Amino acid sequence: MKTIKMLAGALVCATLALPGAAQQFPERNIENIYPWAPGATMAASQVIADAMGQELGVNISVVSTPGAAGTKAFETALSRPADGYTIFDGYVAPLVLQPMQGNADWTYEDFTPLWSATSNSFAIVVREGEDRFEDLPALIAYAQENPGELRYSPGVAGGLPHMVGAKVLQTSDAVAQLVPYPEIDVAIRDLRSGILDFMIINPGVYTVNKDEVDVLAVLSELEDASETYDGAPRVQDFGIDLGMSGLAPMGWNWWLVREDTPEDVVATLREAMGAALNDEEVQQRLLDMGYVPTLYSPEQYAEIVGPVADDLQSGIDAVAWEEEQLQSLDN
Amino acid sequence: MLELIREGVPLFFSAQALLLTSLGVAAGLVIGVLPGLGPLMGIVLMLPVAFHLPPVPAMGMLIAIYIGGSAGGSISAILLRIPGTPLAAATLFDGYPMAQKGRAQDAVGLAVSASAIGGLIGGLILLFFSPILADFALRFAPPEYAAMAILGLLTISLVSEGSPLKGMLSGGLGLVLAMVGTDEFTNAYRFTFGNFNLSSGPHLVAVVVGLFALSEVVFQIEGGGFLKRPSIDRLGISLKGLRLILSHKLNLLRSALIGTFFGAIPGAGGDVSAFISYATAKRLAREEEGYGDGAPGGVVATEAANNGTCGGALIPSLSLGIPGDASTAVLLGALFLLGFFPGPDLFQNTPEIAGGIFLAYLTSNVVLLVLGLLLAPFFGSVLRIPKAWLLPIVLLLSTLGTYALQNSVFDLWVMLVFGVVGYVLRRASYPLAPIIIGMILGPVLENNFRRALLLSRDGLSIFIERPISATILAVDALLLIAIVISTIRRSISPRASASDPV
């Protein structure tokens, strides 16, 4: 009993003594609030978090806080103090897309940027050995002749892959039935078993399921993007206009902190993140996972993110167009 | 099968996973020994911790608690005539008389050995059948998943304590809770009342801790006797139990198989299998063995069965995503929260996780044998901990763990609300496990149903055109009829149902 009391006493003293210790940031572990369920994409954030944590001498944990198309993570991080101990893993959906659709009341300008993290491009895939469509034009021709006949999944409805997919279909005036899946791994299974005809996937999913799918086209104009999918053709190689450029048709994230975070704390975080991302080993690890380090500095934030917002509007319109087409087919 | 094990080896044989598995067994034993706190409570209390660990060590720890907890209950049954868990209720028939005759040491040794070996047999069956079942389930598509989810909900209501009707109502409550949050098809918010904390629904772990842990604390407080310290025979360390069990080989094997079989039927659970196995052993025994009067065979039969059940219950849980009992439902929830969807995909895409879980299960049983025999003297002291100490510890762990999930005070409110809900429902003898199953299976059911309709070219016919889906739906219909009939029977002769053990 006596020992327990002594231990408790020691504990209380230690706790009280803490604030008196050195006030150098960071003095405890940092959290990165990640907006999706755990998976390949979260692993990419963890790679950066680990490298950045090493620079800072503390642990940075990536906390999965999925919900409400990514906005729950933002709400969670916003409810924390602006002390630099909480980093927003600013994916394009909660950062730009959801506010555009009126589901969140912030804009990208309401945050202080650290560095941009990675980008990942999407691709249209069919099951391995699919003999109905040998390339993208053949798939599109089929969808044009048989509107609503093909079943496809971009993962979640209204997400970025969905927009890009819908955009390609809209540009070529083709209609396919959308089937949303919150877990894209499950959709891959249904693609394999022949229930779905095609899918829009990301590099993380591709890396795991290489043997199960054939890539018809990569949905990006960037050279790097084709490499991620082992040299598959890009949409424009078939003369099809994607109607979106730069980062717009891709998934990407930019690490952010609250706007009112003290300047010296922001400077420390920026320096650590910059050093982590410029480490070649870190870059290679990310590339191996299918995620391309974008290496935009904090200063380039407005210049890069601003135009994306405009381009994304056309994606939102494409999704609305698709909905209209599918509804008219039902009647 | 061996493939899975090979994949799992590097993940499981790490210092962290092995240590956590051993600690899990020890913690499970302690919590199983303590009257009123079963393996489920152990899993619930450690769930928030598991949430912060890599998947295999996390699942290893939780499964180890499940195993240790299922065995621990026998010790208080033998020494005090109070089963630490309902699983051990049948163990006191012969365990307590054995202790009265001065053979407490032998009884505990036998119970631990039978549990461990029974669990291992269950594990081998798990290892053999899960991949086969999972392989079959690879042919499942949205219609089949929707039908399976209904099957899971119906079976848990049919076999949980209390009336099936109340089970279904509880399951319905779980389904309603599952609807709170963001609709996965349209991203619309449902029942969130403008509160972003609800945008992905109430946290499953906060609900589980509230329903099970908080309500149990209230029940224990009502029971009184806060400072009571029972007097118990001292136990020593002895390997005699292992030697004794050799004379019960046939009984051991039969009981483990009975346990595994009943475990694999969703919802049946360890208490049912222990009673059935005990009854079978008693019927097959010779008169002079003296069942009910301190027969070692009785202890072997119940303990081998209730730990065999653990292996059995994991079969449908891991391969189909349909939990076998309340504990596996929470284990499934944990796996889900760690980012892995139980079912054929687990075996297909992440065989290293499935293999790691199998290894954790098998290792837990081996550790159980060692720790169970070595720690025997220690359990006596655990049993002497008065409630006045125990209940605050449970409350503290519940609160800390739930808060740590997302560092969210909101989760604490959720826990508190469901503590009250759990208490009220238990008072009115509504089973709680179906709520959890409903919460887990709700999205599976709803999303696959809607997805099936989007895939279908001809409306609802997709559910009957596909043979597997049609078959599962037919089974669903039969179960529903069984529930209706049993409900009508109960309302006609309420007294007959009161003594119904299931």
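Start with a click on V30(B): is V30(B) buried or exposed? Keep in mind as you look that this is a predicted model. V30(B) turns out to be buried, because 23 other C-beta atoms sit within 10 Å, and 20 or more is what it takes to count as buried. The helix you've landed in is α2 of chain B, covering residues 15-33.

Now try a distance. Pick G174(B) along with V30(B): they are 144 residues apart in sequence, and their C-alpha atoms are 30 Å apart in space.

Next stop, the place where the chains meet. Select the contact between them and you'll get 26 residues from chain A plus 22 residues from chain B. On the chain A side, α3 (71-78) and α7 (184-192) each give at least two residues. The largest share, four residues, comes from α7(A). Colour that side of chain A by class and you'll see 13 nonpolar, six polar and seven charged residues.

Last, stay in chain A and show the strands. Five of them form an open sheet in the order β7-β6-β8-β5-β9, with mixed pairing. At the edges are β7 (177-178) and β9 (213-218); each has a single partner strand, so one side of each has no neighbour in the sheet.

Zoom in on β5 (residues 123-127) and β8 (residues 198-201) of chain A: they run antiparallel and are joined by three bridges. Which residue of β8(A) is the bridge partner of A123(A)? Select I201(A), and you've found that partner.

Note on methods:
Residues are numbered from 1 along each chain as its sequence is written. Chains are lettered from A and ligands numbered from 1 in the order in which they are written. This is a predicted model: local features need pLDDT of at least 70, side-chain atom pairs count only at pLDDT 80 or more; totals for chains, interfaces and linings use all residues. Two residues are in contact if their C-beta atoms, placed from the backbone, lie within 7 Å. Ala, Val, Leu, Ile, Met, Phe, Trp, Tyr, Cys and Pro count as nonpolar, Asp, Glu, Lys and Arg as charged, and the others, Gly among them, as polar. A residue is buried if 20 or more other C-beta atoms lie within 10 Å of its own, exposed if 12 or fewer, and partly exposed in between; C-beta atoms are placed from the backbone. Two strands pair if DSSP finds at least two bridges between them.
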